[in-house]
Structures are given as C-alpha cells and as structure tokens.
Amino acid sequence: MITKNIKKYLAALLVGCGFAAAMTSCQDMFETDSDRQIFDPALDQKTDSMFYTLGILKGLQQAADQYVMQGEMRGDLVSTNQYTETDLRQLANFSATTANKYDSAYVYYRIINNCNYYIAHRDTSLRTGSRQVAIPEYAEALAVRAWTYMQLAKTYGTVPFFTHPLVNIGDANSQHDMKDLQGICDALAPELQRFSGTPVPDYRSVSAGVLNSSDSENPQEKTVQSALAMLPIDIVLADLYLETHQYELAARYYFKYLQMNELPMTQAYITIDSYLRQILDDKVPASISYEVSGYSWSNIFSVTSTNDIVTYIPMAANKLRGEVTELPRYFGYDFYSTTGGSASSNERYLVERQIDASPSYVALSNAQEYYYTPTAGGGGSTVVRTADFGDLRRLIAMRQVAKNDSAFSVMIKFTSANVPIYRTATIYLRLAEAINRMGYPDAAFAILKDGINEDLEAYVQHGDSTDLDAHRYIRPETLQMLQNTVPFLAPEYVSIFEDNWGIHSRGCYYTQGGFSPYQYETEIGKKLAEINTTQFTMADTINAMEDIICDEMALELAFEGNRFGDLTRIARHKNHAAYNGSDFGSRWLAKKLAYKHPVVDLTDEKNWFLPFK
C-alpha cells in the first residue's frame, strides 16, 4: 500500500538523485573522461550522452540485489535454511515490512529521476555527419525508465508516476498521478514505439577491476561488455505488452528484436563430462554415447563465450571499482575471497549459504525425462530412448559440493558476479507465453521442442487429423501465423532462424522431430492429467501449455530474479482469461507457493505486493 508520506518520500529522493546525481567516482568501473558538471541542464555536447548513460547504469547496479531477492525469495524455486538472514526469511514467507532492507522503491525512483532528467534536457538533434549521435542513448533512457516503472508496478501495484525530473522541493510536493501496469504501458509505450529498432549504445569493453586471486602472478581482469549492460527498447516494449495481456503486440516486438539482431535459439546441451559422469554412472546405460555437441549450457552465463546473454547488470570486481553484490555469497559462493584460491576452487564454496533450491524445483527437475540416441549400430534408423536422469540443467545450476564433512548444493549462476536480466532464452520463453495466449499453443510448444525453423513445415497437419502421425502437431493456421504475423517462416527471415533449437533440449537432449518421445499431445495430456482436467478444448490446451512454459522457465531461468514476476504475470493471464473462474490464476499461484507457509492469503492479489517504502 502507498503511504500518505509520499511527498516526504519524493522530497528525500532529491537529496540522493536530483540533477542526475548517479555520477560515477574517479575509480568507478563506469567512470568517464567527461569533466562536465552534472547539474548543467544543457546536455548539448556530444560526449554528454555516454556520461549520463553510464550514470544510469550505476543506478541499475544499486538495484540488482533487491531485484533478484524480491523475485526469487517470493517464488517457488528457493527455500530458506538455518543460515538464512531475517530479511530474506520475511520475503520468503510474505511477512516483509517497510523495515526490510530489500523493500525500497527509492532505488528504482532514483533511476527513474535520472532518466527523466536526461530525457527532458538532452538535445537529440546533434549530428556527426548524417548520424544523430544522441538517439541510441535517448532510446536507452526511455527503455530503462519503462523497465524500472514496470518493476515498481509489479512489486507495489499502483505507484506514483511522473515523467519530469524532480529537481526541487516544489516538484516533489506537486500532485503525481498513480498508475498500475496498464496505466504505465498506456503512458510510455507510444514513445517507446517511436524509437523501436534503435540499437543499444556500445562503448565496447570497460574494466571492472582485477579479481581478487591467490594467483598474484596471473591476476584476472574482469571486464564489462558495455552493449550487454543496456536494456533493448523492443524487449522492454514487448514486456510491457505481455504484462498487460496484449499478446500479439508482445509477440511482434519480441520477434522484431530477434530478427533485427539475428538471434536464433542456440543449441546448448549439457556436456556429460567427468563431473556429471560421476553423478550419473549408476544410472547411465552402457549404450549411451557421452559425446554431445553444441554450447555447454554452463557456459551460457559467460558474457564472452556465447550470444545467450542479451542484458546483464555487471557488478564490480571489488569495492574500489564500484558496486559489489551479495548474491554469490547468499547462494554459497565467495566471489570476493582474497584467500580462497582460484575461482574454480572448492574453497570458495560456502557451507553457510543462505538460499537452497526448493523441494518443488528439485521435484520438477527430477520429473523430466532425458531423451537420448543409443550409440550408432549401423542400422541407419533413428531410435530415441528415455532415461530417468531428470533435467540435467539442475546439476549445473545447483552444483553438488563436498566440503568440511558437509555435502550441499551451491547455485553457480552468479559466480561471475553478473546479474542476467535478459537472455535469448528469456525472450523465446516469453514469446512462447505470448504466442500461446494468442491461440497458438502448438507454436509455443515448437519453441520448446523443435525450435521455430523451416523444418517445422514438415510437422504441419494435412487432411484428416485423426489419421496423422503424432509428430504432425502444427495446424495450418499456425503455419500461416508464423509466415505472416510473427514471421519466423517468411522467406525474407527464414534463413536467420534455420539454426533455431528447442529450449527443452538444453536439459533433456533429444527432443526434436518425430522420433523423440517428447511430443505435443503427450506433454499436453500429461499436464491436463496433472491438473485433473480430462477435456481437450482450446482453452484447456492453452492453460496446460502455459503451465508447461512456466515449468520450462523454472528449468532454464531458475534463480535469475524472474520467478515471482513470472508467476504473478501468468496468474494474471489466467484471471484475465477467466478460465475456471476470474480468480483461477490467484488460486493457482497460492497453490504453487503453499509450501512456503505464507503469512498472508495469496488468493488475494493485494497480498502479492510489498509495502511501499
């Protein structure tokens, strides 16, 4: 609930932020060579854009830990343990008050005020030749502001909204509109659309300092790929539309970003190396070939080795170089150790981790089937078998560690102290969510199973569907949609996505084609049985497919900060569709989170929000 002290709160914002006060220090990883005064409202020099943009990014660093903790501690993928601090426990059981250190709207409004200041004062007409030099940074400020307002509304419900910079007490004391997600979308989406397609700014690599290492002769330098620290305007716009149930618009803008940046869903299998071999040897049939190709899924969190990272918040290698993060330590990894050996050393893993994987995450992962092709026997036919390995992504995301006579699991996605906001997988999964709600659950399943590529035309139904092979799961109208509305298969774009792979294969290997047991009707049928529905209407299928996508989000994106926002968005989709009642989504959410023993009734949507501070 928004307090009556909002004017006092906004006035306090001026002290920490007014006039774009997120200026970087002389040793900060986002330092620049500009000597312009931060309170100069002209912003009429070409170099000003970089200076202000890096200041805005510093604000995102300051919000990173809160973003992840709010998103994960209130979701269904983590559990507390004996080492968990009080603030995290309160988030987990929904008892957090305004005293909770992870409940601060201020860190978001500080970002917004800096964006407002830049947008209000930037001279966008400056040119170098024919190039408008300020447009990429201007579009980035619009994108960051919209993304930040989106986080506020998802966290607090209806929030104070202003698009002018607060630079004096009079501004803070003036009346401000109050907007929810729909109001924010209505207010900000039109201007975002004007700059759709604008590439993010790119200042190349920025040093984040030398990593603490016991190997003093070979210190490791942490660098930031500046373009990957930016929020692409088309993804933020698509997110706004997805949050407000405008599914076709969301799908169109997700596709536009993927098409303009030529981003297929890459193949990223789990490589069964000696570590996994040790875990799985008692379950692996002798006929399995251990050789798998593609990116190693454990490497996709590297900002240098793959193209899966789209946006991340880079944290400094040490406090001398800027903002640092507690996230690795909370999940059980001492990133900032000065005595713990190399980055891969077991010495860096912490028994005193504060966050564990939840029983529901472990059960979901273990319940997945692993599909494999036996070692070739020369017969020429394709055979795909099933093993009860579960989804192997869990063995990477939660690494098993033995230390000091203790055995425990450590989440390793933050061992580089980078916080992923968008990955290629994030975009495809949200695209699947949007396409499903558009009425194309078969296309949504294709994103998980085969990837949307030209081979999909072989799986289109023809004639009497009762006589079809099981793998012909794409309806003719779905093919038309993929050729025209969200045109992956249009002639001018099909070559971009010829290497699209199914996301589910990342953890369960051989999902593609008609030989795999991973088939549309089979998986839909399993999910319908799980939710005690025997009907197979389109509404039932869309609801079941949405649950399958939600599961895939857990398997692929676990612990990255998305989870509670994903759950509440999907719950609102279900409520909006009024499937099995206008509160069906609320009941669905409450059931998923019942194991946390929340102190509030989560079937009431107002209890999804934190108290505004």
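How many of the 16 residues of α4 are buried? Notes below.

1. The answer is 13 of the 16, so α4 is largely enclosed by the rest of the structure; buried means under 20% relative accessible area, exposed over 50% and partly exposed in between, with a 1.4 Å probe and protein chains only. Before going on: this is a predicted model, where local features need pLDDT of at least 70, side-chain atom pairs count only at pLDDT 80 or more, and totals for chains, interfaces and linings use all residues. Residues are numbered from 1 along each chain as its sequence is written, and side-chain values use heavy atoms, leaving out hydrogens and water.

2. Helix α4 covers residues 106–121 and reaches 22 Å from its first C-alpha to its last, close to the 22 Å expected at 1.5 Å a residue. That expected span is 1.5 Å times one less than the number of residues; helices are DSSP runs of H or I with at least four residues, numbered from the N terminus.

3. Glycine 157 follows α5, with a positive phi near 90°.

4. Glutamate 454 sits in the loop between α15 (441–449) and α16 (476–484). With a relative accessible area of 42%, glutamate 454 is partly exposed.

5. Isoleucine 531 lies in the loop between α18 (520–530) and α19 (538–557) and counts as partly exposed at 27% relative accessibility. Its C-alpha is separated by 8.2 Å from that of alanine 544, 13 residues apart along the chain.

Key:
Helix = DSSP H or I, 4+ residues; strand = E, 2+ residues; numbered from the N terminus.
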